[in-house]
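This report walks through selected local features of one protein model.

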Amino acid sequence: MALKVAGRGRIPPFIVMDVVRAAEERAAAGHDVLHMEIGQPSTPAPRGVLAAAQAALAGNVLGYTGAFGLEALRQRLAEWYRLRYGVVVPVERIALTPGSSGAFVLAFLAAFEPGDRVALATPCYPAYRNILTALGIEAVLVPADLEHGFQPTPDLLERAGPLDGVIVASPANPTGTMLAAADLAALAGWCRAKGVRLVSDEIYHGITFGVDGVTALAFDQDAVVINSFSKYFSMTGWRLGWMIVPADMVRAVECLAQNLFISPPTLSQHAAIAAFDCVPELEENVARYARNRALLLDELPKAGFDRLAPADGAFYIYADVAHLTNDSTLFCRRMLEEVGIAATPGVDFDPERGNRTLRFSFAGATETMAEAARRLVAWKR
């Protein structure tokens with residue numbers, strides 16, 4: 001008799017991870033790969049973080065911490081919000097988490113019931129809808145276009161029917177678009193008026209090109225704000241994120257965190273305390289992303305990729321390739337096989353329209369971007 005497999009586990013894959021596996025298989029077979037599929041900085045953690053980690057390894061037991069993490073790191077985050085955004089965040093509302101992924105699970109479990117309806121504009125980070133689905137929460141996809149900056153608006157949300165939550169991301173993955181302060185304020189106001197919980201993914205704050213990111217906390221202290229050390233702080237594999245938890249959700253999130261994770265990774269927490277002293281090194285990374293972005297925005301049109309989202313923040317370029325293919329999955333597979341470039345098909349971010357789009361990540365080295373551009377221009381597809 002076949003054993004049962006729970007239906008909640010039958011969610012779509014995170015396709016970018018399947019692309020990573022295909023790229024690794026190609027590399028293992030002796031072929032080169034230019035990685036433009038995943039949003040992972042090619043730089044290690046900052047030098048100060050590495051030194052702090054080594055010191056912690058040498059002199060610390062590295063046992064459990066409290067479920068919300070080390071007080072010293074939470075204090076540094078509160079200071080970060082005061083200095084960067086001019087926003088006062090009580091330390092008791094800061095929860096460190098196992099990456100932003102852990103934060104999303106905690107937020108969705110604490111804020112929503114099974115059967116609740118949570119809206120998100122597409123294209124968007126696929127794990128939002130897949131985690132919601134696994135938890136029995138309805139992911140209400142709201143198609144957004146370039147005219148909306150690929151972001152939700154109150155008008156679009158009005159058409160989505162009754163809602164219990166809204167997820168926004170600025171800068172957004174995969175489009176790199178950003179919400180202006182007035183637009184984020186309008187969304188926060190709409191959510192407050194409708195009794196809808198706002199979840200703001202701010203993981204790409206710090207990686208912007210011309211305009212700084214705005215935190216939802218500036219407009220709504222009841223918003224759930226999620227961030228991570230993975231992107232701006234270049235600590236992807238350290239698996240450390242954080243939440244700013246609304247006052248009415250603090251105990252629920254704490255109990256869930258105690259039972260699901262016990263505590264965030266202790267070594268990563270000790271090391272991350274030093275991250276806030278490494279801003280000059282981190283800004284060098286952002287300057288490199290800016291060079292990569294400029295290079296690709298100049299070169300990709302020469303290769304036929306001339307319908308590009310604005311890429312105002314994060315390290316992605318989202319390309320409309322409808323004039324090149326109607327099957328972005330096959331197109332990306334051919335790109336990997338024929339010119340050794342790994343990119344992510346748009347169906348990962350937009351199940352309905354992503355067959356006509358793809359995402360390039362420019363988080364890698366500038367030399368990698370230049371070589372990728374050269375190969376794409378020469379590609380006889």
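## A salt bridge within one helix

Because Glu 371 and Arg 374 lie three residues apart in helix α12 (residues 366-378), about one helical turn separates them. Their side chains form a salt bridge, with an N to O distance of 2.7 Å. The model is a predicted one. Glu 371 has a relative accessibility of 24%, so this residue counts as partly exposed.

The pair also belongs to a wider group. Arg 26, Asp 32, Glu 371, Arg 374 and Arg 375 are connected through a network of salt bridges.

## Other salt bridges

The count of salt bridges in the model is 18. One of them joins the side chains of Glu 138 and Arg 117, at 3.3 Å from N to O.

Another salt bridge is formed by Lys 302 and Glu 299, whose closest N and O atoms are 3.0 Å apart. The two partners fall into separate accessibility classes. Lys 302, at 52% relative accessibility, counts as exposed, whereas Glu 299, at 23%, counts as partly exposed.

## Helices α10 and α12

Two packed helices are described by the angle between their axes and by the distance between those axes. For helix α10 (residues 279-299) and α12, the axes come within 9 Å and cross at roughly 10°. Angles under 35 degrees count as roughly parallel, so α10 and α12 are roughly parallel to each other.

From α10, the residues in this contact are Arg 288, Arg 291, Asn 292, Leu 295, Leu 296 and Glu 299; from α12 they are Thr 366, Met 369, Ala 370, Ala 373 and Val 377. By class, the contact of α10 with α12 holds six nonpolar, two polar and three charged residues. Glu 299, listed here on the α10 side, is also the salt-bridge partner of Lys 302.

## Helices α4 and α5

How do the axes of helix α4 and helix α5 cross? The axes of α4 (residues 99-111) and α5 (residues 126-134) come within 10 Å, at a crossing angle of roughly 45°. The two helices are therefore oblique to each other. The crossing of α4 past α5 is right-handed.

On the α4 side, Phe 104, Val 105 and Phe 108 take part in the contact, and they meet Tyr 128, Ile 131 and Leu 132 of α5. The contact of α4 with α5 consists of six nonpolar residues, with no polar and no charged ones.

## The loop between α4 and β3

Gly 115 sits in the loop between α4 and β3. Apart from neighbours within four places in sequence, Gly 115 is in contact with Gly 136 and Ile 137. The C-alpha atoms of Gly 115 and Ala 139 are 9.6 Å apart, while 24 residues separate them along the chain.

## Cis peptide bonds

The peptide bond from Thr 122 to Pro 123 is cis, and its omega is near 5°. Pro 123 lies in the loop between β3 and α5.

A cis bond also joins Ser 170 to Pro 171, with omega about 0°. Pro 171 is in the loop between β5 (165-169) and α7 (181-194).

Ser 234 is not a glycine, yet its phi is positive, near 55°. This residue is placed in the loop between β7 (224-228) and β8 (241-244). Is Ser 234 buried or exposed? With a relative accessibility of 3%, Ser 234 counts as buried.

Ala 314, also not a glycine, has a positive phi of about 65°. Ala 314 lies in the loop between α10 and β9 (316-320). Its relative accessible area is 0%, so Ala 314 is buried.

Notes:
Residues are numbered from 1 along each chain as its sequence is written. This is a predicted model: local features need pLDDT of at least 70, side-chain atom pairs count only at pLDDT 80 or more; totals for chains, interfaces and linings use all residues. Side-chain values use heavy atoms; hydrogens and water are left out. A salt bridge is a side-chain nitrogen of Lys or Arg within 4 Å of a carboxyl oxygen of Asp or Glu. Buried means under 20% relative accessible area, exposed over 50%, partly exposed in between (1.4 Å probe, protein chains only). Helices (H or I, at least four residues) and strands (E, at least two) are DSSP runs, numbered from the N terminus. Axes are lines fitted to C-alpha atoms, for helices over the stretch in contact, and angles run from 0 to 180 degrees between N-to-C directions. Angles under 35 degrees count as roughly parallel, over 145 as roughly antiparallel, 65 to 115 as roughly perpendicular and the rest as oblique. A crossing is left-handed if the near helix is turned anticlockwise from the far one by less than a right angle, and right-handed if clockwise. Contact means heavy atoms within 4.5 Å. Ala, Val, Leu, Ile, Met, Phe, Trp, Tyr, Cys and Pro count as nonpolar, Asp, Glu, Lys and Arg as charged, and the others, Gly among them, as polar.
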